[in-house]
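Subject: Structure handover

Hello,

Here is the structure I promised to pass on. Please open it next to this message and follow along.

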Amino acid sequence: MKKKFCINLSTTQTILLSFLLAILFGSALLALPVSSADGIAVPYIDALFTATTSICVTGLVTVPTFSTWSFFGQIVILFLIQIGGLGVVTIMSGLMISLHRRIGIRDRMLIQDAFNLNTLSGMVKFIRKVIAGTFLIEGIGALLYMTVFIPEFGVKGVWISLFNAVSAFCNAGMDVISENSLYAYVHNPVINLVTILLIVFGGIGYIVWWDLVGALKNIRRQRLRCFTNLTFHSKIALSVTGILILAGTAAIFVFEYNNPLTIGSFSFIDKLQASLFQSVTTRTAGFATIPQEDLTNASAIASLLLMFIGGSPVGTAGGIKTVTFAVLITSAFATMKTHAEAELFHRTIPKHAVSKAVAVVSMAFIILFTATLLLSAVTDADALDIVYETVSAAATVGLTRSLTSELNLWGRIIIIITMYLGRVGPISLMIALNTKKETKNIIKNPTEDISVG
């Protein structure tokens, strides 16, 4: 009897491969003449770059989205953004549920790995809530956008509103309005507020959503304070998010206050509004209301830190994540204070969480250093512009100091790979590449002290 050829992939390898296949399929569609606004097929490298930035919900583009792609091409991009935001596994699981197909144990394990969950129970309900909640918030966002875009663009405003809502919620940062992102709406409170809320809702994480809903229900029933009812994870995610938004807003406001190229000529309220938007969009969203290349060096460096941290786990944002940052900082201070364990909100942070946080940040630094070094070797751009580009790509942000469109072939390939690694996550990549089965060591090597620091 002939043996059947079978490739056994781990759940992590399956997730990484699914993103890669989605990118290749999307790039093939975008490379078709029908996807181009002028009917002439765009170069494949631009189609591949656009598909990657869409699936990886990054937002860096080598060609203008609104003028390069036809309506069909824009639809393809929108679907890729939605798939990238929700995740390929979520989309496929949602289709299986809608077709009344059984979600097996392997499918549940895929969902668990995709969302970094700690349990296999309630997966079907979780997927339904994620998809329903996503479409609900995107729909509300689109309706609010229409109050501005329909009066300005007519019927076309409906499409612009829908595209922007999905892009903002998925933290993609792509739009079909103009080449200059949202520069024209820097003074518009509706566009600013709706975009900010969509970015925050998408980036805060689905786990926090349901935790907040449950806490609010308990308030009505038991009259307890909302924050005290939240889980440890949600308390950290919400607290760090709030601190970063406020700190980022204050930093941009101070550093750009007298900069005539950005907000120097704005009114006090508009300065606050633009500073708040910059603080939020750097958390992996990628929309811009002020030119990034005109920022002062201090603002650019502050933006780099915000981009590197990114949003919260189990959401649409990238970066090392707010909870990872909090765990790392808390652990560092605990060590400096000679405390045996790191604590937050009267809870002890597990050792494995600290170890994972160190691993995530270490791998992120390795990817960033390598990408920055390679990009520096193939382009003669300013060092700050290069670092801004690589951090933006690795953290799936999408902000650029006008460098993306100027990249040569090798530069574009480097950013494509960096965006992919940023989306799938450095730890997932290492796990996927590790083909050795885990074994328990019966004999342990001796321990010896070393000097650190």
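Among contacts in the protein with a separation of 6 or more, 69% join residues 24 or more positions apart. Keep in mind that this is a predicted model. The protein has 453 residues, and 51% of them count as buried. Its secondary structure comes to 18 helices and 2 strands. The accessible surface is about 22800 Å². Carbon and sulfur atoms own 66% of that surface.

Salt bridges

How many salt bridges are there by the rule used here? The count comes to 2.

Start with R412 and D46. Their side chains meet in a salt bridge, at 2.5 Å from N to O. This pair links distant parts of the chain, 366 residues apart. R412 sits in helix α17 (residues 409–424), and D46 sits in helix α2 (residues 44–55). Are the two partners buried or exposed? R412 counts as buried because its relative accessibility is 13%, under the 20% cut-off. D46 is buried too, with a relative accessible area of 7%.

Now take R401 and D385. They form the salt bridge whose closest N and O atoms are 2.5 Å apart. R401 lies in the loop between α16 (383–394) and α17, while D385 is in helix α16, so the pair ties together parts that are 16 residues apart in sequence. R401 is buried, at 9% relative accessible area. D385 counts as buried at 16%.

α2 has 12 residues. From first C-alpha to last it reaches 16 Å, close to the 16 Å expected at 1.5 Å a residue. Why is α2 described as largely enclosed by the rest of the structure? Because 10 of its 12 residues are buried. Those buried residues are D46, A47, L48, F49, T50, A51, T52, T53, S54 and I55. After α2 comes V57, which has a positive phi near 40°.

Helix α14

Helix α14 (residues 322–336) has 15 residues. It reaches 21 Å from its first C-alpha to its last, close to the 21 Å expected. Its buried residues are T322, V323, T324, A326, V327, T330, S331 and A334. The cover over them includes α11 (232–256), α13, β1 (343–344) and α15. α14 is followed by T338, whose phi is positive, near 60°.

Look at N164 next. N164 is in helix α8 (residues 156–169). At 0% relative accessibility, N164 counts as buried. Which residues does N164 touch, not counting those up to four places away in sequence? The answer is Y145, F149, M174, D175, V176, I177, L182 and F287.

Cysteines

A search of the whole structure finds 0 disulfides. Two cysteines to look up are C56 and C170. C56 counts as buried, at 1% relative accessibility. C170 is buried at 0%.

A nonpolar patch on the surface

Now turn to the outside. L17, L20, L21, L24 and Y44 form a nonpolar patch on the surface. Together they have about 440 Å² of accessible area. Which helix gives the most to this patch? Helix α1 (residues 11–30) does, with 4 residues. L24 is found in that helix. L24 is partly exposed, because its relative accessible area is 42%, between the cut-offs of 20% and 50%.

Best wishes

Key
Residues are numbered from 1 along each chain as its sequence is written. This is a predicted model: local features need pLDDT of at least 70, side-chain atom pairs count only at pLDDT 80 or more; totals for chains, interfaces and linings use all residues. Side-chain values use heavy atoms; hydrogens and water are left out. Patches are made of residues with over 30% relative accessible area and no salt bridge: like charges are joined within 9 Å, nonpolar side chains (Val, Leu, Ile, Met, Phe, Trp, Tyr) within 5 Å. Accessible areas come from the Shrake-Rupley method with a 1.4 Å probe; for residues, only the protein chains shown count as cover. A salt bridge is a side-chain nitrogen of Lys or Arg within 4 Å of a carboxyl oxygen of Asp or Glu. Buried means under 20% relative accessible area, exposed over 50%, partly exposed in between (1.4 Å probe, protein chains only). Contact means heavy atoms within 4.5 Å. A disulfide is a pair of cysteine sulfur atoms within 2.5 Å. The expected span of a helix is 1.5 Å times one less than its number of residues.
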